[in-house]
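Subject: A structure to look at

Hello,

I am passing a structure on to you, with some notes on what turned up in it.

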Amino acid sequence: QVRLVESGGGLVQAGGSLRLSCAASGSILRINAMGWYRQAPGKPRELVAAIRSSSSTNYANSVKGRFSISRDNAENTVYLQMNSLKPEDTGVYYCNADILSRQYLRNDYWGQGTQVTVSS
C-alpha cells in the first residue's frame, strides 16, 4: 500500500511564505512525476506545480516566480516553497504522485490535502 502524507499548511498574511511537504511511503519501486494541486471553494482542482523524475518542472502561470517545487528522491518527498503569497492562493493543496509499486502496479496517488489560507 502506498500513502502520501502532506504537512505545512496554515494561515499566513499576504506577502508571507509557507513550505509544504509531502512524503510518500509504502511499497514503492519508483516515483515518476510528483506535483501539487489546489482547490479553492467553488472552483475545480488545478495544477500548481509539477516535477518529473528528471527534475524538470512546470508551474501554473499564476505562481511562476513565487512558488518553487523540489524533491528529495532519497526520502520520497516533494516540497512546495510558496513565497509572496496572495489571498487568491487560498485553498486546499493536494499532493499527487505517479508511482510504480514493488508489485509493478503503476497508479496515481493523492494526499489528503492541507489547507492554506492567505489573509489580506
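One term before we start: a residue is called buried under 20% relative accessible area, exposed over 50%, and partly exposed in between, with a 1.4 Å probe and protein chains only. Please keep in mind that this is a predicted model, in which local features need pLDDT of at least 70 and side-chain atom pairs count only at pLDDT 80 or more, while totals for chains, interfaces and linings use all residues. Residues are numbered from 1 along each chain as its sequence is written, and side-chain values use heavy atoms, with hydrogens and water left out.

**The open sheet**

Strands here are DSSP runs (E, at least two residues), numbered from the N terminus, and two of them pair if DSSP finds at least two bridges between them. Four strands make up an open sheet, in the order 1-3-8-7 and with antiparallel pairing. Strand 1 (2–7) and strand 7 (67–72) each have a single partner strand, so these two form the edges and one side of each has no neighbour in the sheet. From one strand to the next, the twist averages 15 degrees; the axes behind such angles are lines fitted to C-alpha atoms, and the angles run from 0 to 180 degrees between N-to-C directions.

Strand 7 is joined to strand 8 (residues 77–82) by six bridges, in the antiparallel sense. Within this pairing you can find Ile69 with its bridge partner in strand 8, Leu80. As a general point, side chains in a regular strand alternate between the two faces of the sheet.

**Strand 4 and its partners**

Strand 4 runs antiparallel to strand 9 (residues 91–101), with nine bridges between them, and Arg30 stands opposite Leu100 of strand 9. Strand 4 also pairs with strand 5 (residues 46–51), again in the antiparallel sense, over five bridges; there Gly35 has Ala50 opposite. Six residues separate strand 4 and strand 5 in a hairpin, and Gly42 in its turn has a positive phi of about 75 degrees.

Ser27 is buried, at 15% relative accessible area. Apart from neighbours within four places in sequence, Ser27 is in contact (heavy atoms within 4.5 Å) with Gln1, Val2, Ser101, Arg102 and Gln103.

**The disulfide**

How many disulfides does a search of the whole structure find? It finds one, a disulfide being a pair of cysteine sulfur atoms within 2.5 Å. The two residues are Cys22 and Cys95, with their sulfur atoms 2.1 Å apart. Cys22 belongs to strand 3 and Cys95 to strand 9, so the link ties together parts that are 73 residues apart in sequence. The link is left-handed, with -80 degrees about the S-S bond. Cys22 is buried, at 0% relative accessibility, and Cys95 is buried at 0% as well.

**Salt bridges**

A salt bridge here is a side-chain nitrogen of Lys or Arg within 4 Å of a carboxyl oxygen of Asp or Glu. By this rule there are four.

Arg38 takes part in a network of salt bridges together with Glu46, Arg66 and Asp89. Between Arg38 and Glu46 the distance is 2.8 Å, N to O; Glu46 is partly exposed at 35%, whereas Arg38 is buried at 6%. Arg38 also meets Asp89, at 2.9 Å, N to O. Since Arg38 lies in strand 4 and Asp89 in the loop between strand 8 and strand 9, this pair ties together parts that are 51 residues apart in sequence. Both Arg38 and Asp89 are buried.

Another salt bridge joins Asp98 and Arg106, whose closest N and O atoms are 2.5 Å apart. Is Asp98 buried or exposed? Asp98 is buried, with a relative accessible area of 14%, while Arg106 is exposed, at 55%.

**One glycine to finish**

Gly9 lies in the loop between strand 1 and strand 2 (10–13) and is partly exposed, at 33% relative accessible area. Leaving aside neighbours within four places in sequence, Gly9 has contacts with Leu20, Thr114, Gln115 and Val116.

Enjoy exploring!

Best wishes
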